[in-house]
Amino acid sequence: MSKGSNAGKMCVLVTGGSGLVGRAIEHVVQEEGGKLEGEEWIFLSSKDADLVDVGQTRALFEKYRPTHVIHLAAKVGGLYLHMKSNLHFLILQTISTLSFNIFCLVCPAASKTTYPIDETMIHNGPPHDSNFGYSHAKRMIDVQNRAYFKQYGRRYTAVIPTNVFGPYDNFNIENGHVLSALINKTYTAKKDGTALNVSGSGTPRRQFIYSLDLGRLIVWVLREYDEIDPIILSVAEEDEVSIKDAVEIIAQSMDFKGKILFDTTKSDGQMKKTASNAKLRRYLPNFTFTPLKEAIQMTCSWFVANYATARK
Ligand SMILES: NC(=O)c1ccc[n+]([C@@H]2O[C@H](COP(=O)([O-])OP(=O)(O)OC[C@H]3O[C@@H](n4cnc5c(N)ncnc54)[C@H](OP(=O)(O)O)[C@@H]3O)[C@@H](O)[C@H]2O)c1
């Protein structure tokens, strides 16, 4: 982690501060005592600067002169958006990831790998065809971090979260991440009195991390984690669940009593991406993750309460 060049006050710039992960970090910092005395935290959205534009990016850094940067801004979306926009994902991740401190990587999507995947395996094999643009771009972040360290001694690192969900996610049914899209689908099916149509067979398995847990872990990384090598931030392997399991929890949380149908003509994406959180556990053996059921319930309640303004 770079300690920055300003020896005095710590100033943390969070790009993508209006997104799912950025809002969670903001909550941890502002509401849970994550911010220490004398620190300044600045949360940015694309309205503050288009980080694809070099001039705007430079102006932003000159304005705030941060000592630390948590770089979250990126083009983000679910499987179906990835499948139709690999080029955009490749270009937008690559351009927007130059010269920052903490990066979020995608979990390696190697099509032929052994499980669980750990931090030493993220460059193994080609990524899954569904999201090769995003995956290659994210892998380059680790290459960039190592090169900056070797050539300039700069200490940048990357975190690798598994599937994130929580308040402020994009709940769009077509383009959102699987859990949030399903929450919106369930809400709509209940409102319209129709069946809940789930895309795919429901058999793929995923490790889901609640955004607030991720926010707490990222603040820990910023303060305590000194390696250049990335770290996977995830629940344990045994906490991996099938999409069908997740759908059942959502239906229960939203009191949906209708039929649940699985459309097997739609793609399933990668059947699993099981990641190891052994490295995280070596550092933080006692960190408690919010139980999935509880986290999904809180996310459903947030979505219902904020339906008018939620991204969807
Ligand atoms: N969500 C997941 O499951 C997951 C899993 C692994 C890794 N990640 C990574 O975690 C990071 C954050 O993801 P997220 O889920 O929080 O994303 P998100 O909710 O979609 O938020 C994206 C953020 O990026 C900003 N942004 C997008 N394009 C920008 C641009 N050209 N210039 C400046 N800001 C821009 C957005 O600003 P506006 O609000 O103004 O549009 C928003 O604040 C990303 O790097 C993502 O790849 C996410």
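This is a predicted model: local features need pLDDT of at least 70, side-chain atom pairs count only at pLDDT 80 or more; totals for chains, interfaces and linings use all residues.

Mentor: Happy to! Of the 312 residues in the protein chain, 44% are buried.

Now for the pair. Helix α1 covers residues 20–31 and helix α7 covers residues 211–224; their axes lie 8 Å apart and meet at an angle of about 65°. Angles of 65 to 115 degrees count as roughly perpendicular, and α1 and α7 are therefore described that way. The crossing of α1 past α7 is right-handed. On the α1 side, the contact is made by Leu20, Val21, Ala24, Ile25, His27, Val28 and Val29. Facing them from α7 are Ser211, Leu212, Leu214, Gly215, Arg216, Ile218 and Val219. Sorted by class, this contact has 10 nonpolar, 3 polar and 1 charged residues.

For the surroundings, take a look at another helix, α5, which spans residues 132–152. Its 21 residues reach 30 Å from the first C-alpha to the last, close to the 30 Å expected at 1.5 Å a residue. Buried residues in α5 include Gly133, Tyr134, Ser135 and Ala137, and Lys138, Ile141, Asp142 and Asn145 are buried as well. After α5 comes Gly153, with a positive phi near 70°.

Definitions and conventions
Residues are numbered from 1 along each chain as its sequence is written. Axes are lines fitted to C-alpha atoms, for helices over the stretch in contact, and angles run from 0 to 180 degrees between N-to-C directions. Helices (H or I, at least four residues) and strands (E, at least two) are DSSP runs, numbered from the N terminus. Angles under 35 degrees count as roughly parallel, over 145 as roughly antiparallel, 65 to 115 as roughly perpendicular and the rest as oblique. A crossing is left-handed if the near helix is turned anticlockwise from the far one by less than a right angle, and right-handed if clockwise. Two residues are in contact if their C-beta atoms, placed from the backbone, lie within 7 Å. Ala, Val, Leu, Ile, Met, Phe, Trp, Tyr, Cys and Pro count as nonpolar, Asp, Glu, Lys and Arg as charged, and the others, Gly among them, as polar. The expected span of a helix is 1.5 Å times one less than its number of residues. A residue is buried if 20 or more other C-beta atoms lie within 10 Å of its own, exposed if 12 or fewer, and partly exposed in between; C-beta atoms are placed from the backbone.
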